[in-house]
Amino acid sequence: SVLADVDFTDYPGSLYAIARSLNVDDAWSAGLSGLGIQVALIDTGVAPVEGMLHAGKVINGPDLSFESQNPDLMYLDTYGHGTHLAGIIAGKASDVWDDYTHQSKDKFLGIAPDAEIVNLKVASYDGAVDVSQVIAAIDWVVQNQYSQGMNIRVLNLAYGTLPQQPYEVDPLAKAVEKAWKAGIVVVASAGNTGPDPMTIGVPGNVPYVITVGAMSDNYTPENENDDILASFSAAGPTVEGFVK
């Protein structure tokens with residue numbers, strides 16, 4: 001493993017440290033590791049890196065990016081964002097054993113290490129994407145939630161655009177709402193247009209989704225009492241008045 005000599009306890013900002021601050025060990029001890037669950041990741045693709053190489057770890061959906069016509073780039077991450085998120089969600093080092101709560105400190109584990117990633121590539125090397133591509137990917141997820149033995153329970157959307165109209169009539173928001181109505185937990189980014197109130201973008205402004213912002217530990221990882229919203233993180237309420 002390329003991570004074999006890394007002790008993640010030396011890095012307060014590592015995923016290992018963050019997982020412990022979230023008490024993920026308790027979830028793992030209760031048998032909640034993502035087993036049998038697929039997470040649909042609509043992003044920039046997923047590269048075959050260490051931690052994502054287990055058989056069945058990455059299931060390729062359609063490639064809706066402008067790179068899809070190049071067989072050497074189809075499904076693959078040429079930007080880095082999608083692979084980064086896939087590792088956080090479900091990464092799992094190849095030499096890890098099943099008792100995750102007693103795992104060696106140098107073994108990489110995502111938050112749900114037994115989950116599988118459904119890779120829907122919509123963006124190319126520059127990370128940009130058209131709203132229509134994202135809507136098409138969301139529609140595919142809803143239509144194929146249980147296809148071919150899959151069990152897609154979570155949809156991750158780390159994309160956003162500034163609201164141009166109420167969420168009730170916004171096409172992207174309506175697509176996300178359709179996924180929610182299908183029983184899929186939708187996780188969307190708040191956006192990086194903060195810190196002023198009412199800066200949350202679409203689809204994070206949809207009231208039915210989990211909207212994720214960013215925080216800063218003020219360079220004191222041992223003290224959670226001074227944690228604050230990151231200066232760039234978009235903030236609620238939404239323009240419609242929903243608390244986020």
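I took two strands as paired if DSSP finds at least two bridges between them. Helices (H or I, at least four residues) and strands (E, at least two) are DSSP runs, numbered from the N terminus.

Ground rules. I am working on a predicted model, in which local features need pLDDT of at least 70, side-chain atom pairs count only at pLDDT 80 or more, and totals for chains, interfaces and linings use all residues. Residues are numbered from 1 along each chain as its sequence is written, and side-chain values use heavy atoms, with hydrogens and water left out.

Entry, sheet. I looked up the strand order and found an open sheet of 6 strands, β2-β3-β1-β4-β5-β6, with parallel pairing. The edges are β2 (58-60) and β6 (210-212); each has a single partner strand, so one side of each lacks a neighbour in the sheet. I noted an average twist of 25° from one strand to the next, where axes are lines fitted to C-alpha atoms (for helices over the stretch in contact) and angles run from 0 to 180 degrees between N-to-C directions.

Entry, β3 and its partners. I counted 6 bridges between strand β1 (residues 38-43) and β3, in the parallel sense. Ile42 has Leu120 of β3 as its bridge partner, and Leu41 stands opposite Asn119 in β3. On β2, I found 3 bridges to β3, again with the strands parallel; Val58 has Ile117 of β3 as its bridge partner. I then checked burial, taking buried as under 20% relative accessible area, exposed as over 50% and partly exposed as in between (1.4 Å probe, protein chains only). In β3, 5 of the 6 residues are buried.

Entry, α3. I found 7 of the 10 residues of α3 buried: Gly82, Thr83, Leu85, Ala86, Gly87, Ile89 and Ala90. Their cover includes α1 (15-21), β1, β3 and β4, with contact meaning heavy atoms within 4.5 Å.

Entry, rings. I paired rings of Phe, Tyr and Trp (its six-membered ring) if their centres lie within 6.5 Å; planes under 30 degrees apart count as stacked, over 60 as edge-to-face and the rest as tilted. That gave 3 aromatic pairs. One of them is Trp28 with Tyr100, edge-to-face at 5.7 Å centre to centre and 70° between the planes. Trp28 is in helix α2 (residues 24-29) and Tyr100 in the loop between α3 (81-90) and β3 (116-121), 72 residues apart. Both Trp28 and Tyr100 are buried.

I also looked up Tyr167 and Phe242: the ring centres are 5.6 Å apart and the planes at 75°, so this pair is edge-to-face. Tyr167 lies in the loop between β4 (152-157) and α5 (171-181) and Phe242 in the segment after β8 (228-229), so the pair ties together parts 75 residues apart in sequence. Tyr167 counts as buried at 7% relative accessibility, whereas Phe242 is partly exposed at 28% relative accessible area.

Entry, Ser68. I located Ser68 in the loop between β2 and α3. Is Ser68 buried or exposed? At 12% relative accessibility, Ser68 counts as buried. Leaving aside neighbours within four places in sequence, I found Ser68 in contact with Asp63 and Met74. Ser68 and Val122 are 54 residues apart in sequence and 9.0 Å apart in space, C-alpha to C-alpha.
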